[in-house]
Structures are given as structure tokens and as C-alpha cells.
Amino acid sequence: MNLHKLILTENACYKAGRKITVKGIMVHSTGTNNPNLKRYVGPDDGLLGKNQYGNHWNTYHPGGREVCVHAFIGKLADGTIATYQTLPWNHRGWHAGGSANNTHIGFEICEDGLSDYAYFKKVYREAVELCAYLCKEYGLTEQNIICHSEGYKQGVASNHGDVMHWFPKHGKSMDTFRAEVKALLATTDEEETETPAEPTVTYPEKLTTGYYRVRKTWKDSKSQVGAYRILSNAKAAADKNPGTFVFANDGTAIYPADSTAEPDYRVHTVVKGDTLWDIAVKYLGKGSRYTEIKKLNGLSSNVIYSGWKLKIPN
């Protein structure tokens with residue numbers, strides 16, 4: 001899951017400030033041939049791209065309507081698929097047109113022309129992963145997930161057909177969707193029987209860009225005794241110069257193993273509800289800098305777990 005956050009703080013729904021006890025998840029799709037997140041989420045954070053019409057949902061009443069959901073799934077400016085959280089998960093949204101607003105997290109999948117299987121496959125999987133994540137966050141199961149059309153049949157939502165006008169075109173249904181969430185939950189439950197291992201960073205023996213630097217502290221560049229492409233050469237230089245350490249490009253002391261060199265980063269312990277975006281905002285002042293945290297910690301995805309200790313760049 002590629003999770004980001006841009007809360008729609010100008011939307012009247014957010015300003016209303018009502019909270020809910022989360023009892024379920026409702027899956028929606030936008031009903032318009034526009035797969036770009038920037039159509040609904042704004043302003044541009046450097047990843048979304050600029051909405052030249054300014055008709056995203058971060059306005060008081062988008063298009064004159066009382067609408068707001070907890071998240072959107074669609075394309076970033078570079079064409080990759082992402083999820084954007086747009087309301088706090090326990091905030092009462094305006095998505096169901098019925099009593100499900102009081103109980104359900106609602107998110108929209110940005111529709112395209114409904115015929116592109118490659119796009120559908122990606123957003124469908126992203127939606128499965130989002131639902132599994134939310135189920136774990138709020139103690140739900142796949143049985144607590146419905147789409148808008150199912151909500152109508154249950155009498156908790158307005159008369160909309162999504163997502164059953166789209167999923168069957170690609171051999172999927174809400175039953176297959178719930179089954180895939182269930183399977184993913186089972187997989188993550190097995191992985192988390194023990195506390196997930198913290199991410200580890202491995203350093204190549206030979207660099208193609210940058211250098212391994214040997215110095216007393218990262219900040220004291222004048223103490224540097226050499227810069228090396230080959231890690232073994234850098235280690236040998238540190239061995240010959242007691243009190244020096246081998247530093248990677250990001251300022252992390254990587255040799256000796258029991259290094260007491262002052263790190264050029266802070267440490268954040270992940271708690272429930274944390275996202276990389278939130279952590280980047282807290283420490284770095286800008287959510288889009290989450291990629292720096294990923295790189296420093298050797299993360300291959302945006303999913304993090306409670307208890308992890310993440311390095312934060314200074």
C-alpha cells in the first residue's frame with residue numbers, strides 16, 4: 001500500500017468535527033472517467049500534480065455538494081497508484097447518504113473508462129491492502145466491508161450502484177474482494193505472531209555513486225582521513241586511524257559494528273496510527289519528505305508497524 005495523507009481541512013465535513021466509532025468500511029468509486037487523484041485531492045503536494053481548475057474536494061462544499069470521504073485511491077502525477085487519506089479515520093464522513101456515515105469509513109476508487117484491466121488490477125489491489133490495514137487498526141474483519149450498492153440494499157446508504165458496475169467487468173465482485181482481504185489479514189497475522197523485525201540496511205561493497213567517508217564524526221568534515229568507493233578500503237582506513245568511523249552517504253556510522261559515533265539522525269518509535277507521511281510532517285515539516293525516511297531505513301514499502309524504531313534525518 002502506498003499511503004499518503006492530505007486532510008481536506010477546508011471541507012465543511014472536516015470543519016464539522018464529528019467523530020464516529022468505526023464499525024465498518026464502505027467501498028465507493030467516483031463514477032467519472034478521471035483516474036487522477038489531483039481531481040479530488042489538493043492542493044498539489046509535489047506528487048499529485050496541479051489541478052488547473054481548482055475543483056478538488058478541499059473546498060467548503062465541492063461543486064456545491066456536501067461530500068467528503070476518508071480516502072481516495074488513484075494515480076499520482078507520475079502514473080503510479082497511491083492512497084491518500086483525506087479525513088481522520090474516526091471522523092464522520094459524508095459518503096454514504098445514509099446511516100453508514102455514522103459507522104463506516106468510506107473511500108473512493110478513482111474510475112477510468114472501466115475497460116483498462118491493468119489500471120483496475122492495481123487500484124483493486126491497493127483497495128484490498130487499505131481495507132486490510134483498516135481492519136487491523138479497528139479490530140474489523142472482511143465481513144465488515146461493504147460497497148455502496150450493498151449499503152443501499154441494507155438500508156444504510158443512498159441508491160448508488162458502485163462498485164458493482166465496475167468490478168464484474170474484470171471478473172471481480174465484493175465477495176472476491178472480501179476473500180482477498182481475508183487472505184491478506186491471515187498472511188499479516190502469521191507474520192506478526194512475533195514482533196516484525198525492524199528494517200535493516202545493507203551497504204554494497206562497491207559504490208557507483210557517493211563515497212564511504214572515514215572521519216571522527218559526520219559533522220566534523222575536517223577530521224576526514226579519506227573517502228572510498230570500496231567499503232573494505234574504508235574499513236581498513238578506519239582500522240589504521242583509531243577514533244575514526246566509516247560513514248555512509250546519509251551520515252550513518254556503519255563501522256565498527258559497536259560504533260559510538262554520534263549519529264546524524266533522530267529516532268522515532270512507531271505507534272498505532274502512524275504513517276510515514278505523518279512522521280515526515282512531524283520531524284521534517286513536510287509530508288512529501290517521507291521518501292528520505294524510507295531511504296534512510298531501507299524500507300521497500302510505506303507500511304510500518306508499531307514498535308519499530310525509525311531513523312529520522314536531521
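**A tour from the sheet to the rings**

Start by selecting A71: its bridge partner in β5 is F107. You're looking at a predicted model, where local features need pLDDT of at least 70 and side-chain atom pairs count only at pLDDT 80 or more, while totals for chains, interfaces and linings use all residues. Residues are numbered from 1 along each chain as its sequence is written, and side-chain values use heavy atoms, without hydrogens or water.

Now widen the selection to β3 (residues 71-75) and β5 (residues 104-109), which run parallel and share 3 bridges. Strands pair here if DSSP finds at least two bridges between them; strands (E, at least two residues) and helices (H or I, at least four) are DSSP runs numbered from the N terminus.

Show the whole open sheet next: 6 strands in the order β1-β4-β3-β5-β2-β6, with mixed pairing. β1 (3-5) and β6 (145-147) are the edges, each with a single partner strand, so one side of each has no neighbour in the sheet.

On to the rings. Pick Y124 and F167: their centres are 5.4 Å apart and their planes at 70°, so this pair is edge-to-face. (Phe, Tyr and Trp rings, the six-membered one for Trp, pair with centres within 6.5 Å; planes under 30 degrees apart are stacked, over 60 edge-to-face, the rest tilted.) Y124 sits in helix α2 (residues 117-138), and F167 in the loop between α3 (148-153) and α4 (174-191), 43 residues apart.

Last stop: W218 and F247, a tilted pair because the centres are 5.7 Å apart and the planes at 45°.
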